[in-house]
Amino acid sequence: MTLQEDKDYDSQSVYSPLTLAIYDTLVLRISNPAVWRCPTSRILGIYDSYVSSNHLDVGVGTGWYLDHCRFPAAPRLALMDLNRNALRSAAKRVERYAPESHVADVLQPVRPVGEPFASIGLTYLLHCLPGNMPGKARVFDHMLPLLAPGGVIFGATILAEGVVRSGAAVRLMAFYNRKGIFGNATDSLDDLRAELTERFDKVDITVVGCVALFVASAPRSFRPVLQQVPAQKTT
Ligand SMILES: C[S@@+](CC[C@H](N)C(=O)[O-])C[C@H]1O[C@@H](n2cnc3c(N)ncnc32)[C@H](O)[C@@H]1O
């Protein structure tokens, strides 16, 4: 068992082959438009706007966005996740791009994996992580050494506070938090903005339903990562 695998977060261990098989229907077709009130097309839109031809995607799930987005040119594509089922599922889906796969827990420092990336996607990752926003925002610090100069970090996360939630959103979010699938019970729009603006000069957040679509670039300073834990390449 590797260092990364021995952390059994509910938020990632839920991604078995079975749950991955229903993920696109349950989350992308039903929950996004009907519960979180953010059509999947809006999230795909930030991929189409910001994905580069040298892209790292973190917390890949089934890889639906990578499969459907428009890369500006044939990409170097890297996938990173704590869960090997998700990595396998996403890698198969986008095998036409010959993706690299890296097992890593991004709550821990991550060693750069080859050349830095011009874009890093963090979609529906933050709300799955345990803890409060200041704690989970250390993911941004762990991504900075992997980001090329001029690069951009973008993504989406479901918030509990500072957004308008439907009744169904309140109930489903409470259920997922009880089960440990989500860890976003205190995640607020203000905290997300504060954590991003602390680290980046350029921050743009658009709220759709109870989802924050964020784009951040121009890191304020490079924060050295003291304890380096290697990501494990699987392919
Ligand atoms: C809700 S899915 C998002 C999938 C995809 N990005 C999407 O939006 O459709 C969350 C993903 O984050 C991964 N994940 C959760 N905690 C993680 C961690 N600490 N480090 C790396 N990946 C993690 C899970 O394994 C899962 O693949």
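This is a predicted model: local features need pLDDT of at least 70, side-chain atom pairs count only at pLDDT 80 or more; totals for chains, interfaces and linings use all residues.
Biologist: Which residues does methionine 143 contact, leaving aside its neighbours within four places in sequence?

Modeller: Methionine 143 is in contact with Ile120 and Ile153. Contact calls for C-beta atoms within 7 Å. In general, nonpolar side chains tend to be buried together in soluble globular proteins.

Biologist: Why is leucine 77 called buried?

Modeller: Count the C-beta atoms. The cut-off for buried is 20 or more others within 10 Å. Leucine 77 has 24, so leucine 77 is buried. Leucine 77 lies in strand 2, residues 76–81.

Biologist: How do you know where proline 99 sits relative to leucine 77, in sequence and in space?

Modeller: Take both separations. In sequence, leucine 77 and proline 99 are 22 residues apart. In space, their C-alpha atoms are 4.9 Å apart. Pro99 is also among the contacts of leucine 77, together with His55, Leu66, Val94 and Tyr97.

Biologist: What makes strand 2 and strand 3 a pair?

Modeller: Pairing needs at least two bridges. Strand 2 and strand 3, residues 100–103, are joined by 4 bridges, and they run parallel. The chain passes from strand 2 through helix 5, residues 84–93, to strand 3. This β-α-β crossover is right-handed.

Biologist: Which residue of strand 3 stands opposite leucine 79?

Modeller: Serine 101 does, in strand 3.

Biologist: Why do the buried residues of helix 3 line one face of the helix?

Modeller: Name them. They are Ile43, Ile46, Tyr47 and Tyr50, in a helix of residues 40–50. Seen down the axis of helix 3, its buried residues fall within an arc of 100 degrees, so they line one face. The general rule is that an α-helix has 3.6 residues a turn, so residues three or four places apart point the same way.

Biologist: What covers the buried residues of helix 3?

Modeller: The cover includes helix 4 (64–68), strand 4 (117–123), strand 5 and strand 7 (211–219).

Biologist: How many helices and strands does the protein have, and what share of its residues is buried?

Modeller: The protein has 9 helices and 8 strands. Of its 235 residues, 45% are buried.

Definitions and conventions:
Residues are numbered from 1 along each chain as its sequence is written. Two residues are in contact if their C-beta atoms, placed from the backbone, lie within 7 Å. Helices (H or I, at least four residues) and strands (E, at least two) are DSSP runs, numbered from the N terminus. A residue is buried if 20 or more other C-beta atoms lie within 10 Å of its own, exposed if 12 or fewer, and partly exposed in between; C-beta atoms are placed from the backbone. The arc is that of the directions from the helix axis to the C-beta atoms. A crossover is right-handed if, with the strands pointing away from the viewer, the path from the first strand over the helix to the second runs clockwise.
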